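I opened this model to look up a few things, one entry at a time. My notes follow.

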Amino acid sequence: MSAPTLTSAAFSAKQLKVGGVTPFSATDYPGKLAAVVFVQGCPWRCGYCHNPHLQARTDSSPLDWQQVLKLLKRRIGLIDAVVFSGGEPTMDAALEDALREVRALGFGIGLHTAGAYPRRLNEVLPLVDWVGIDIKASVQAYDGITGISDSARHALASAQAVLSSGVAHEFRTTVHPALHTPNDILTLAQTLSAMGVRNYALQRFRSTGCADADLTTTANVGYPGAELVAQVSALFTEFNLRDA
Ligand code: SF4
């Protein structure tokens with residue numbers, strides 16, 4: 001009996017769905033030069049999303065994972081790490097295999113996640129060297145930002161998984177005056193600090209890529225103000241204020 005033929009459809013079903021690649025970035029993994037792989041798909045629908053074109057999963061991957069691996073092989077010696085971003089990379093069942101393949105090339109691994117899939121995050125954390133986890137808001141405000149009910153529970157479970165893993169990390173929150181009151185921001189920061197978060201960043205909303213006209217036309221210059229930033233900063237050992 002002849003060996004079963006691996007069809008291209010069956011083959012691609014096991015491959016990470018990649019919506020884009022940045023071959024070189026000095027800003028996506030602290031202190032490292034990295035390539036960034038943007039995984040396709042996200043279950044949430046945040047109005048301020050910079051990559052709304054990556055939210056939906058298409059039948060086939062926009063970029064072939066084997067081609068992405070070839071590109072990464074050509075980057076050996078030029079970059080330190082590969083960051084998996086999105087979209088929400090933990091949405092993809094092929095993420096773990098992809099991380100193993102990239103580790104085998106000798107790269108460090110960074111992961112950007114909003115924590116929508118805590119179980120899969122937990123499974124892949126042993127393969128990750130650094131994680132940037134996006135925490136959207138206080139529990140009460142969460143679903144209003146993601147557009148999906150019960151999203152805070154998943155995010156907080158993921159936050160706990162990151163803290164328990166011991167993997168180097170940064171927690172970050174993108175803030176916009178139409179979405180976060182000063183009290184929301186302080187309440188969230190206090191919650192994270194009480195959980196044991198020591199490294200936190202507030203990211204000022206930036207309109208690049210955002211498809212929500214209400215958010216892009218609302219003035220947000222100078223928000224959050226210096227007094228609130230100082231209160232939040234005092235809660236963490238490491239703190240950064242930056243543009244998203
Ligand atoms: S979780 Fe991130 S990728 Fe998903 S919609 Fe929100 S901002 Fe976009």
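**Entry 1: strand S5.** Helices (H or I, at least four residues) and strands (E, at least two) are DSSP runs, numbered from the N terminus. Five of the five residues of S5 are buried, so the strand is largely enclosed by the rest of the structure. I also noted a general rule: in a regular strand the side chains alternate between the two faces of the sheet.

Two reminders before going on. Residues are numbered from 1 along each chain as its sequence is written. The model is predicted: local features need pLDDT of at least 70, side-chain atom pairs count only at pLDDT 80 or more, and totals for chains, interfaces and linings use all residues.

**Entry 2: the strands, pair by pair.** Which strands pair with S5? I looked up S4 (residues 108–113): four bridges join S4 to S5, and the two run parallel. Strands pair here if DSSP finds at least two bridges between them. His 112 stands opposite Gly 132 in S5. S4, helix H4 (residues 118–124) and S5 form a right-handed β-α-β unit. Right-handed means that, with the strands pointing away from the viewer, the path from the first strand over the helix to the second runs clockwise.

I then took S5 (residues 130–134) with S6: they pair in the parallel sense over five bridges. Asp 134 has Arg 172 in S6 as its bridge partner.

Next came S6 (residues 168–175) and S7 (residues 199–204), parallel strands joined by five bridges. The chain gets from S6 to S7 through helix H7 (residues 182–195), and this β-α-β crossover is right-handed. Phe 171 has Tyr 200 in S7 as its bridge partner.

Last, I checked S7 with S8 (residues 238–243). Six bridges pair them in the parallel sense. Gln 203 is partnered by Arg 242 in S8.

**Entry 3: helix H5.** Which residues of H5 (residues 139–146) are buried? I found Tyr 142, Ile 145 and Thr 146. Seen down the axis of H5, these buried residues fall within an arc of 80 degrees, so they line one face of the helix. The arc is taken from the directions from the helix axis to the C-beta atoms. The face of H5 turned away from the buried side carries exposed Gln 140 and Gly 144. Helix H6 (151–165) is included in what covers the buried residues of H5. Contact here means C-beta atoms, placed from the backbone, within 7 Å.

I followed the chain onward. Asp 150 is in the loop between H5 and H6. Asp 150 also has a positive phi, about 70 degrees, although it is not a glycine. Is Asp 150 buried or exposed? It is exposed, because it has 10 other C-beta atoms within 10 Å.

**Entry 4: cis peptide bonds.** I looked up two. The bond from Gly 86 to Gly 87 is cis, with omega near 10 degrees. Gly 87 sits in the loop between strand S3 (81–85) and helix H3 (95–104). Another cis bond joins Tyr 223 and Pro 224, with omega about 0 degrees. Pro 224 lies in the loop between helix H8 (213–217) and helix H9 (226–233).

**Entry 5: the ligand.** What surrounds the ligand? I listed Cys 42, Trp 44, Arg 45, Cys 46, Cys 49, Asn 51, Gln 55, Gly 86, Gly 87, Glu 88 and Ala 114. By class, the shell has five nonpolar, four polar and two charged residues. Ala, Val, Leu, Ile, Met, Phe, Trp, Tyr, Cys and Pro count as nonpolar, Asp, Glu, Lys and Arg as charged, and the others, Gly among them, as polar. Gly 86 and Gly 87 of the cis bond are both in this shell.

Definitions and conventions. Near = placed C-beta within 6 Å. Buried ≥ 20, exposed ≤ 12 C-beta atoms within 10 Å, placed from the backbone. Contact = placed C-beta atoms within 7 Å.
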